[in-house]
Amino acid sequence: MTHATHPFDALMEITARPKTVFVKGEGAYLWDDTGKRYLDFIQGWAVNCLGHSPPAIAEAVAAQAKLLLTPSPAYHNAASLKLAQALVEASCFDQVFFANSGAEANEGAIKLARKFGSLHRGGAFEIITFEGGFHGRTLATMSASGKKAFEPLFEPKVPGFRKARLNDIGSVKQLISANTVAVMLEPIQGEAGVWPATDAFLRELRTLTREHGLLLIVDEIQTGMGRTGGKLFAHEHAGIAPDIMTLGKGIGGGAPLAALLATERASCFEHGDQGGTFNGNSLMCAVGLAVLDQVAQPAFLKAAADAGLHLESELQKLSARHGLGDVRGRGLLLALDLKLPIGPAIVAQAFEAGLLLNAPQPDALRFMPALNVTKQEIAEMIEGLDAILTRAGAARRVA
Ligand SMILES: *Cc1c(COP(=O)(O)O)cnc(C)c1O
């Protein structure tokens, strides 16, 4: 038997990653094993809403770990009851099922919609999703996604997903048939490069789905938990009440927690339909409570909205200085259009310079800092990016 010789070789190679090992995080910063510090505008992929290793989460984990990790999914535990109650009170939904990842929460949403179809709509099972949408990496959630690169993979896909175009209500209407049970979308398409559904489109979708008796499912795994500023959930900006919502990423503040929420009418699972060993375990629900306790505060949400507006205006100034494109998104989920496929090169140079940025598409940079990011941290990021863009501009003029 041969064994991996280099530590990196013992992990499956599932994506290109720098050969750097991170060992510590605090607030807006990460440190690698050589002691180099990085300013982090990725934050676990829009996950660490309170920054790296916030004391509130460290304390919640330590306290709950000493008390109870999990009594098994066959029994109730105090933390999951409290967190479910708090989420119901903070939203338009009536019931919660906890999951361990966003994809798993979305699998639950898809199953719930199919169950609803079998109970109330004569077996209708089709869900209308959107081109460019991203819902996860399980077979059903890859099938629901409208990501081009997923199309040839792992055939045959799970059937029952038809793709409409974002912000084009006609394209949705066209796909509705007797087989349709739901429409599912992200209020802002994150992985596609931060493409918002307009508030008007969300309202049109709500009206259309009501008219046809269809469920409206919002995937707020990236947009939820204050990410868009001012409101806890992005759909609230449009003033709509969906039937089903999924949460992930920010809900655990860096710990693996996700949730499926539904209104009383849509919440139709029966015994045996849904479950999971770690779902709703005390440890992660205690973390969720610590996160929600801070994020749901009106003052916190307002500060995140203000930080988002500040970041947006600083990015616009940067864009004007370098002749780049628009800034899009909302709150602290923003993208800068680079107009050229230079995103990966900028990300690589930023990494060298100790700045963590993400290019969801070759011609765009995405910014998803902690929701408590400071003006000073934003200034530091802009300064670093400014220097890289200046060098890139000079290189282009020479070439
Ligand atoms: C990240 C993400 C998912 C998948 O969540 P995982 O925790 O990676 O499974 C699903 N939908 C959206 C909108 C996401 O951003």
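Tutor: A polar contact is a pair of N or O atoms within 3.5 Å; within protein, one must be able to donate a hydrogen and the other to accept it, and residues adjacent in sequence count only if both atoms are side-chain atoms. The model is predicted: local features need pLDDT of at least 70, side-chain atom pairs count only at pLDDT 80 or more, and totals for chains, interfaces and linings use all residues. Numbering runs from 1 along each chain as its sequence is written, and side-chain values use heavy atoms, without hydrogens and water.

Start with D219. One of its polar side-chain atoms sits 2.7 Å from a ligand nitrogen. Q222 places a side-chain N or O atom 2.8 Å from a ligand oxygen. G102 uses its backbone instead: an N or O atom there lies 2.8 Å from an oxygen of the ligand. The ligand alone exposes 380 Å², of which the protein buries 81% (Shrake-Rupley, 1.4 Å probe).

Around the ligand are S101, G102, A103, N106, F134, H135, G136, E186, D219, I221, Q222 and K249. By class, three are nonpolar, six polar and three charged; Gly counts as polar. Helix α4, residues 102–120, gives the most to this shell, with three residues. Helices here are DSSP runs of H or I, at least four residues; strands are E runs of at least two, both numbered from the N terminus.

The chain around this site has 11 helices and 17 strands. Its C-alpha atoms fill a box of roughly 65 × 55 × 55 Å along the principal axes.

Key
Near = heavy atom within 4 Å.
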